[in-house]
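I opened a new page for this chain today.

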Amino acid sequence: MHAGLDSARLLRLMARTDARLWEILFPHLPLTARAASDLNPQPLPPAELLGAAARRTAAAVADAAVAVHAAGGDARAVLQDADGDWCPTPPYQVIPWPKKWPLPWPPGEPYPIDPQWAGPAVQATAGMVLYSYAEGIADKELHTALEESAGKLLGAALNGG
């Protein structure tokens, strides 16, 4: 598959949890309801809350890997632990989430989104966050570890979504 097509597909997966991306993907269509809601703020819908939590958690995982590496530890182990949890074998019974990070919904309760629909969106979002970290890291070993973890997440998103 062409890299540009993969990128567009990844953006569509991420748009499941961040409606603003639809305006980037399809600028010729009318603006989403978000423009109107900016005038009258409302609580975020569950999909957008999940997207925000995925971005925060992926950044926390990347920050943990950077800190472990800076302290002389194995950043790859931190990343593999998280991406292993984020990338279970489909079909998903629950939304994939790293076990060492807090769930973005109350424990023991199902999240009000279909895991088959949300799983690839969470994987794409987390993968793009880790990839953006990798791009900013000059240390070759840490850059490679972040890039490999991002690749695993993005591949899982494309295969599951």
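How many salt bridges does the structure hold? I found 5 salt bridges, each a side-chain nitrogen of Lys or Arg within 4 Å of a carboxyl oxygen of Asp or Glu.

Before going on, I noted that this is a predicted model, where local features need pLDDT of at least 70, side-chain atom pairs count only at pLDDT 80 or more, and totals for chains, interfaces and linings use all residues. Residues are numbered from 1 along each chain as its sequence is written, and side-chain values use heavy atoms, with hydrogens and water left out.

**Entry: charged pairs**

I looked up Glu148 and Arg76 to begin with. Their closest N and O atoms are 2.2 Å apart in a salt bridge. Glu148 sits in helix H7 and Arg76 in helix H5, 72 residues apart, so I logged the pair as a link between distant parts of the chain. Helices here are DSSP runs (H or I, at least four residues), numbered from the N terminus. Glu148 is partly exposed at 47% relative accessible area, and Arg76 is partly exposed at 26%. For these words I used the cut-offs buried under 20%, exposed over 50% and partly exposed in between (1.4 Å probe, protein chains only).

Next came Lys100 and Asp81. Their side chains form a salt bridge at 3.2 Å, N to O. Lys100 is in the loop between H5 and H6 and Asp81 is in helix H5, so the bridge ties together parts 19 residues apart in sequence. Lys100 is exposed at 63%, while Asp81 is partly exposed at 30%.

Then I checked Lys99 and Asp85. Their closest N and O atoms are 3.2 Å apart in a salt bridge. Is Asp85 buried or exposed? Asp85 is buried, with a relative accessible area of 16%. Lys99 is exposed at 69%.

**Entry: the loop between H5 and H6**

Pro91 is found in it. The peptide bond from Pro90 to Pro91 is cis, with omega near 5°.

**Entry: the core**

Which residues touch the most other members of the largest nonpolar core? I found Leu50 and Trp86, in a core of 32 residues. Such a core is a set of buried Ala, Val, Leu, Ile, Met, Phe, Trp, Tyr and Cys residues joined through side-chain atoms within 4.5 Å. Helices H4 (46-70), H5 (75-86), H6 (115-135) and H7 (140-160) each give two or more residues to this core. H4 gives the most, with 9 residues.

Another core, of 9 residues, lies apart from the largest one, and Leu13, Ala15, Leu21 and Ala157 are among its members.

**Entry: H4 against H6**

The axes of H4 and H6 come within 9 Å and cross at roughly 40°. I took axes as lines fitted to C-alpha atoms over the stretch in contact, with angles from 0 to 180 degrees between N-to-C directions. Leu50, Ala54 and Ala58 are among the H4 residues in this contact. On the H6 side, I listed Val122, Ala126 and Val129 among others.

Notes: Contact = heavy atoms within 4.5 Å.
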